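Here is a short report on one protein model.

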Amino acid sequence: MKISKICCIGAGYVGGPTMAVIAQKCPDIKVTVVDINQARIDAWNGEDLDKLPVYEPGLDKVVAEARGRNLFFSTDVNKAIEEAEMVFISVNTPTKTYGEGKGQAADLKWVELCARQIAAASTFDKIVVEKSTLPVRTAQAVKDILDNTGNGLKFQILSNPEFLAEGTAVEDLLHADRVLIGGDSTPEGQEAIQALVDVYAHWIPKDRILTTNVWSSELSKLTANAFLAQRVSSINAISELCEVTGADVNEVARAIGADSRIGSKFLKASVGFGGSCFQKDILNMVYISRSYGLHAVADYWEQVIIMNDHQKARFAKNIIKALYNTVSGKKITFFGWAFKKDTNDTRESAAIYVADHLVSEQAHIYVYDPKVSEEKIYADLDYLNTRSSEENRKYVTVITDPYEAVAGAHAAAILTEWDEFKEYDWSKIFNSMLQPAQVFDGRNILPHEELKKIGFRVQAIGKDI
């Protein structure tokens with residue numbers, strides 16, 4: 001089967017960049033990305049490529065090349081579904097905030113709605129591709145809906161999880177270390193798998209395209225993120241030990257990372273991991289394990305989350321302790337709000353939780369982030385439902401100039417590892433702050449000894465400075 005038209009439901013951090021790269025690399029395939037959010041689609045279609053709804057280095061150039069040629073963004077969901085031979089589901093699957101599985105299970109209501117809309121809009125057989133991160137055996141639920149509401153049409157369900165790191169998503173798509181495609185072992189399932197293999201084979205070497213059954217593919221996504229998050233929580237646990245023993249966590253990480261059995265990636269101690277995948281996927285794994293009665297397995301993986309939450313709370317408590325055990329009425333500047341550099345994604349960002357902790361102590365937080373909007377920052381705080389929107393706006397101020405943000409502050413805290421923070425005139429910042437001026441480096445990116453020579457009191461993750 002040769003694919004000529006693809007539809008992707010969901011124009012967010014996964015759907016947008018993935019489809020843009022597919023369109024760039026497959027000029028013979030018409031790719032239509034649909035979303036019910038008109039403002040988001042308008043931003044994807046806007047003339048100013050600096051204002052795309054997803055910030056990823058290099059994405060603007062990819063969109064510029066393909067948009068209008070074979071890449072289209074639309075709110076006409078039914079038309080795009082009806083035309084396409086292959087439909088990607090790339091909608092949000094957040095952790096449930098209500099009902100059975102609250103706080104752990106994935107909320108699949110958007111996936112189910114997509115399946116029902118695909119069934120209603122289809123007039124011929126289609127391949128449906130799970131691109132969202134989903135619990136194991138979700139494909140069966142999607143298939144049940146399609147088979148029972150799809151007017152007798154035949155649908156093949158594939159799992160094609162994304163393994164993108166935000167901030168390097170375009171590079172990850174262009175030079176993927178593997179593409180995973182799961183499907184049925186039936187002849188029809190194998191034909192569907194091959195159709196998607198042929199799409200990726202336009203630019204990905206075939207030895208990097210792995211095919212499995214659909215359940216292995218779904219579980220592989222959760223497992224990959226769980227293993228990576230486990231490494232972050234492990235080094236963060238060691239960072240606390242380093243601080244009390246006089247060891248340097250960067251030196252420890254370098255030493256153990258040189259062991260070929262361990263490797264150096266994801267051993268960067270920090271204020272904690274965030275993003276759309278790690279916490280959600282681990283909690284999903286915890287919920288699945290408990291639902292099967294595997295309580296020891298669930299407890300094991302849940303500890304990764306507990307350690308991550310502890311690291312964020314510990315960072316906030318260290319700020320309070322250093323500021324004479326009270327931050328009430330004090331100005332504390334946050335450099336960074338995104339969960340990592342080179343993205344405007346703030347989902348599960350450590351900054352949200354550190355800010356929430358400090359605001360509960362009546363601190364006044366001033367936030368500067370080069371890519372995150374004021375609207376998004378307030379939405380993140382309001383989502384926690386810790387206090388009223390009015391209180392959040394009383395205690396948190398968003399500033400678009402970093403030097404203005406830190407003027408008169410008692411302390412500055414690095415919450416995101418944006419490269420520009422290293423280039424600031426820290427002598428100028430020191431002279432503008434209240435004394436003693438304090439810096440809390442939650443990402444270990446600043447030159448700590450130089451800051452101390454300027455006069456700063458410095459605290460950093462995993463170091464006894």
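Which helix does Lys-312 lie in? Lys-312 lies in α12, residues 295–322.

## Basis

This is a predicted model, in which local features need pLDDT of at least 70, side-chain atom pairs count only at pLDDT 80 or more, and totals for chains, interfaces and linings use all residues. Residues are numbered from 1 along each chain as its sequence is written, and side-chain values use heavy atoms, with hydrogens and water left out.

Helices (H or I, at least four residues) and strands (E, at least two) are DSSP runs numbered from the N terminus.

## Lys-312

Lys-312 counts as buried, at 4% relative accessibility. The classes are buried under 20% relative accessible area, exposed over 50%, and partly exposed in between (1.4 Å probe, protein chains only).

Leaving out residues up to four places away in sequence, Lys-312 touches Val-271, Gln-279, Ala-350, Tyr-353 and Val-354. Contact means heavy atoms within 4.5 Å.

## The second largest cavity

Two cavities of 30 Å³ or more are present. A cavity is a set of points, on a 1 Å grid over the protein atoms alone, where a 1.4 Å probe fits but cannot get out; lining residues have an atom within 4 Å of a point. Points are joined across faces, edges and corners, and volume is the space filled by probe spheres set on them.

The second largest cavity holds about 30 Å³ of space. Its lining is Lys-5, Ile-6, Lys-30, Thr-32, Ala-80, Glu-83 and Ala-84. At least two lining residues come from each of β1 (5–9), β2 (30–34) and α4 (77–83). By class, three are nonpolar, one is polar and three are charged. Here Ala, Val, Leu, Ile, Met, Phe, Trp, Tyr, Cys and Pro count as nonpolar, Asp, Glu, Lys and Arg as charged, and the others, Gly among them, as polar.

## Salt bridges

The count is 23 salt bridges, each a side-chain nitrogen of Lys or Arg within 4 Å of a carboxyl oxygen of Asp or Glu. Asp-259 and Arg-261 form one of them, at 2.6 Å, N to O. Asp-259 is partly exposed at 22%; Arg-261 is exposed at 74%.

Asp-382 pairs with Arg-393, their closest N and O atoms 3.2 Å apart. Asp-382 is in α14 (residues 374–384) and Arg-393 in α15 (residues 389–395), so the pair ties together parts 11 residues apart in sequence. Arg-393 is partly exposed at 38%.

Elsewhere, shared partners join Glu-166, Asp-345 and Arg-347 into one salt-bridge network. Asp-345 is buried at 2%, and Arg-347 is partly exposed at 28%.

Methods. On a 1 Å grid over the protein atoms alone, a cavity is a set of points where a 1.4 Å probe fits but cannot get out, and a pocket is an open set with protein on both sides within 12 Å along at least five of seven lines; lining residues have an atom within 4 Å of a point.
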